[in-house]
Amino acid sequence: MAVTIKEVARVAGVSTATVTRALSTPEVVRPDTRERVREVAASLGYHPNRAARGLITGRTGNLGLLVPDLANPFFPSIVKGVQARAHEADHAVFLADTDEDVAAEAGLVRKLAKQVDGMVLCSPRMAEPELRKLAAEVPTVLVYRRIPGVPSVTAEFLDGMRQAVNHLVALGHKEIAYVAGPRSSWANRERVRSLRAVTRKAGVELAEMGNVAPQFHGGVSVADRVLAAKVTAVIAYNDLVALGLLHRFAARGVAVPGDVSVLGFDDIPLAEMVHPALTTVALPKEEAGQAGVDLLLRLLDGHQEVRRELPTQLMVRGSTGPAR
């Protein structure tokens with residue numbers, strides 16, 4: 001038979017109400033009492049009834065997570081981070097994929113909001129006014145998107161672009177192309193802004209082209225334009241686009257990095273599996289998911305931390321080399 005809360009209370013020498021508080025709102029219970037209750041509960045194999053606890057706390061114990069495209073290898077790592085940290089906090093995660101459909105985002109958030117305590121929105125594409133409206137309706141944390149006043153987790157894009165450009169400049173590159181991602185992507189806008197600032201300071205000529213879908217075929221579709229621009233290096237919006245560029249360059253007999261160097265963004269697992277292996281700016285993925293849950297749980301407890309910015313790291317591999 002399942003262990004009851006009364007048995008935990010009896011063994012711990014406290015009331016059932018104290019057991020409930022120790023397991024659901026531990027901050028209101030004395031530390032020694034809280035630890036005793038937890039130890040007894042663990043030794044007896046007691047598991048709180050989530051539905052009953054929800055009636056007491058007013059919470060479901062569920063968190064919502066929205067991503068734009070689970071087929072993109074970048075996002076599963078973030079999902080993994082969210083799930084790991086949520087599990088540590090004894091929360092379940094409800095996941096929704098918008099399939100890069102901006103129009104579907106708000107509707108999915110509102111549907112999930114009825115079943116969760118708060119939402120983690122990963123790279124949402126919707127306009128800022130709509131995001132603000134949603135954040136006012138349901139506790140919300142943004143991952144890889146930032147708007148003033150809403151808790152967010154992002155990366156140091158400026159430093160990442162600085163590392164990328166400095167690497168290419170050190171190899172002798174003076175003409176660089178950037179293949180832009182979706183117009184609705186905040187991350188793309190930040191990368192463009194950062195790249196313009198860094199190349200201007202470094203005296204590098206920048207050719208911007210796109211916008212393309214943030215997928216393999218997006219890189220394939222723009223590769224010929226990159227070659228026509230007569231640049232010696234190209235930075236792609238993300239690794240999938242960079243892999244599309246590599247594929248098309250190989251089909252045309254263009255040597256990488258002999259004729260043109262290719263640099264991506266994200267450091268997805270595939271980046272190391274291709275030939276030549278892709279030089280890329282690594283973004284924290286699992287860490288970003290974990291930080292998103294941390295901010296959301298703090299928000300639910302009444303503590304709003306507005307912003308966390310995580311470090312980036314250039315991963316130098318075989319797709320970049322000296323300018324021809």
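Modeller: On the face of helix 1 that is turned away from its buried side, we find the exposed residues Lys-6 and Arg-10. Please keep in mind throughout that this is a predicted model.

Colleague: Which residues of helix 1 are the buried ones, and why do you say that they line one face of the helix?

Modeller: The buried residues of helix 1, which covers residues 5–12, are Val-8, Ala-9 and Ala-12. Looking down the axis of helix 1, these buried residues fall within an arc of 100°, and therefore they line one face of the helix. Just after helix 1 comes Gly-13, with a positive phi of about 75°.

Colleague: Why is Leu-44 called partly exposed?

Modeller: The relative accessibility of Leu-44 is 33%, while buried means under 20% and exposed means over 50%; because 33% lies in between, Leu-44 counts as partly exposed. Leu-44 is found in helix 3, residues 31–44.

Colleague: What does Leu-44 touch, leaving out residues up to four places away in sequence?

Modeller: With those neighbours left out, Leu-44 touches Val-3, Glu-7, Val-8 and Val-11.

Colleague: Which strands does helix 11 touch?

Modeller: Helix 11 (residues 239–251) packs on the sheet and touches strand 6, strand 8, strand 9 and strand 10. The direction of helix 11 makes about 155° with that of strand 9.

Colleague: Which residues have the most contacts inside the largest nonpolar core?

Modeller: They are Ile-235, Leu-245 and Phe-249, in a core of 71 residues. Not counting residues up to four places away in sequence, Leu-245 touches several residues, among them Val-179, Val-234, Ala-236 and Val-262. A second, separate core has 15 residues, including Leu-66, Ala-96, Met-126 and Leu-142.

Methods:
Residues numbered from 1 in each chain as written. Predicted model: local features only at pLDDT ≥ 70, side-chain atom pairs only at ≥ 80, totals over all residues. Heavy atoms only, no water. Helix = DSSP H or I, 4+ residues; strand = E, 2+ residues; numbered from the N terminus. Buried < 20%, exposed > 50% of the residue type's maximum accessible area, 1.4 Å probe, protein only. Contact = heavy atoms within 4.5 Å. Arc of directions from axis to C-beta. Axes fitted to C-alpha atoms, helices over the stretch in contact; angles between N-to-C directions. Core = buried A, V, L, I, M, F, W, Y, C linked by side-chain atoms within 4.5 Å.
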